[in-house]
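Here is a colleague's note on the structure shown below. Please read it with the model open.

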Amino acid sequence: MLMRALSLLLAAGLLLAGPESSRAAGPTEGAAPPYDGDLMRLAEILGALHYLRPLCGVTAEAQRWRNEMQALIDTEQPSETRRTKIIASFNRGYSSYAEVYRSCTPAARMAVDRQLDEGGRLTHEIVVRYGGN
């Protein structure tokens, strides 16, 4: 499981190294990028992992997924409206699991595995499709 978590982080790092044009443009209003839906889902997954991983004993990751979310926002440099949506997705992921799990159960561990798998897949797809070279 740790390897998959690292894999997701590595893939997220590639995402953060996304197209130069998105970083150079800065925050602007306008059409959302074509990967926006996947990015919102990725933010939701990061929120879920921010809650579930420490719950399931991975205390070394207490702030890891939140920091990844902050790095994603810093790199995307979204408009204020889009930034609010990204943060809302993160918070939705966190709170949806916080409402259900008070302790780490087999179902919570399975949810972590699924979130890591989906997050890795989404990140890979975004990088491959929109990450430039």
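1. Overall make-up. This is a predicted model. The protein has 6 helices and 0 strands. From the N terminus on, the order of elements is α-α-α-α-α-α. Of its 133 residues, 41% count as buried. Among contacts with a separation of 6 or more, 83% are between residues 24 or more positions apart.

2. H3 against H4. Helix H3 covers residues 36-55 and helix H4 covers residues 64-76. Their axes come within 8 Å and cross at roughly 155°. An angle over 145 degrees counts as roughly antiparallel, so H3 is roughly antiparallel to H4. H3 passes H4 in a left-handed crossing. On the H3 side the contact is made by Leu-39, Ala-43, Leu-46, Leu-49, His-50 and Arg-53. H4 supplies Trp-65, Arg-66, Glu-68, Met-69, Leu-72 and Glu-76. By class, the residues of this contact of H3 with H4 divide into 7 nonpolar, 1 polar and 4 charged.

3. H3 against H5. The axes of H3 and H5 come within 7 Å and cross at roughly 40°. H3 passes H5 in a right-handed crossing. From H3, the residues that meet H5 are Asp-36, Leu-39, Met-40, Ala-43, Glu-44, Leu-46, Gly-47, Ala-48, His-50, Tyr-51 and Leu-52. Their partners in H5 are Arg-82, Lys-85, Ile-86, Ser-89, Phe-90, Arg-92, Gly-93, Tyr-94, Tyr-97 and Ala-98. The contact of H3 with H5 holds 12 nonpolar, 4 polar and 5 charged residues.

4. H4 against H5. Here the axes come within 11 Å and cross at roughly 165°. H4 is therefore roughly antiparallel to H5. The crossing of H4 and H5 is right-handed. In H4, Trp-65, Arg-66, Met-69, Ile-73 and Glu-76 take part. They meet Arg-82, Arg-83, Ile-86, Ile-87 and Phe-90 in H5. The classes in the contact of H4 with H5 are 6 nonpolar, no polar and 4 charged.

5. H5 itself. Helix H5 runs over residues 80-98. H5 has 19 residues and reaches 26 Å from its first C-alpha to its last. That is close to the 27 Å expected at 1.5 Å a residue. Which residues of H5 are buried? They are Arg-82, Ile-86, Ser-89, Phe-90, Gly-93, Tyr-97 and Ala-98. An α-helix has 3.6 residues a turn, so residues three or four places apart point the same way. The cover over the buried residues of H5 includes H3, H4 and H6.

6. H6 itself. Helix H6 covers residues 106-130 and has 25 residues. H6 reaches 36 Å from its first C-alpha to its last, close to the 36 Å expected at 1.5 Å a residue. The buried residues of H6 are Ala-108, Ala-111, Val-112, Gln-115, Leu-116, Gly-119, Leu-122, Thr-123 and Ile-126.

7. Ala-48. Ala-48 lies in helix H3. Is Ala-48 buried or exposed? Ala-48 counts as buried because its relative accessible area is 1%, and the cut-off for buried is under 20%. Leaving aside neighbours within four places in sequence, Ala-48 is in contact with Gly-93, Tyr-94, Tyr-97 and Gln-115. Gln-115 is one of the buried residues of H6.

8. Tyr-94. Tyr-94 is found in helix H5. Tyr-94 counts as partly exposed because its relative accessibility is 32%. Leaving aside neighbours within four places in sequence, Tyr-94 is in contact with Gly-47, Ala-48, His-50 and Tyr-51. The C-alpha atoms of Tyr-94 and Leu-49 are separated by 7.4 Å, and the two residues are 45 residues apart along the chain.

9. Gln-77. Gln-77 sits in the loop between H4 and H5. Gln-77 has a positive phi of about 50°, although it is not a glycine. With a relative accessible area of 31%, Gln-77 is partly exposed. Please look at this residue in the model.

How values were computed. Residues numbered from 1 in each chain as written. Predicted model: local features only at pLDDT ≥ 70, side-chain atom pairs only at ≥ 80, totals over all residues. Heavy atoms only, no water. Axes fitted to C-alpha atoms, helices over the stretch in contact; angles between N-to-C directions. Helix = DSSP H or I, 4+ residues; strand = E, 2+ residues; numbered from the N terminus. Parallel < 35°, antiparallel > 145°, perpendicular 65-115°, else oblique. Left-handed = near helix turned anticlockwise from the far one by under 90°. Contact = heavy atoms within 4.5 Å. Nonpolar A, V, L, I, M, F, W, Y, C, P; charged D, E, K, R; others polar. Buried < 20%, exposed > 50% of the residue type's maximum accessible area, 1.4 Å probe, protein only. Expected span 1.5 Å × (residues − 1).
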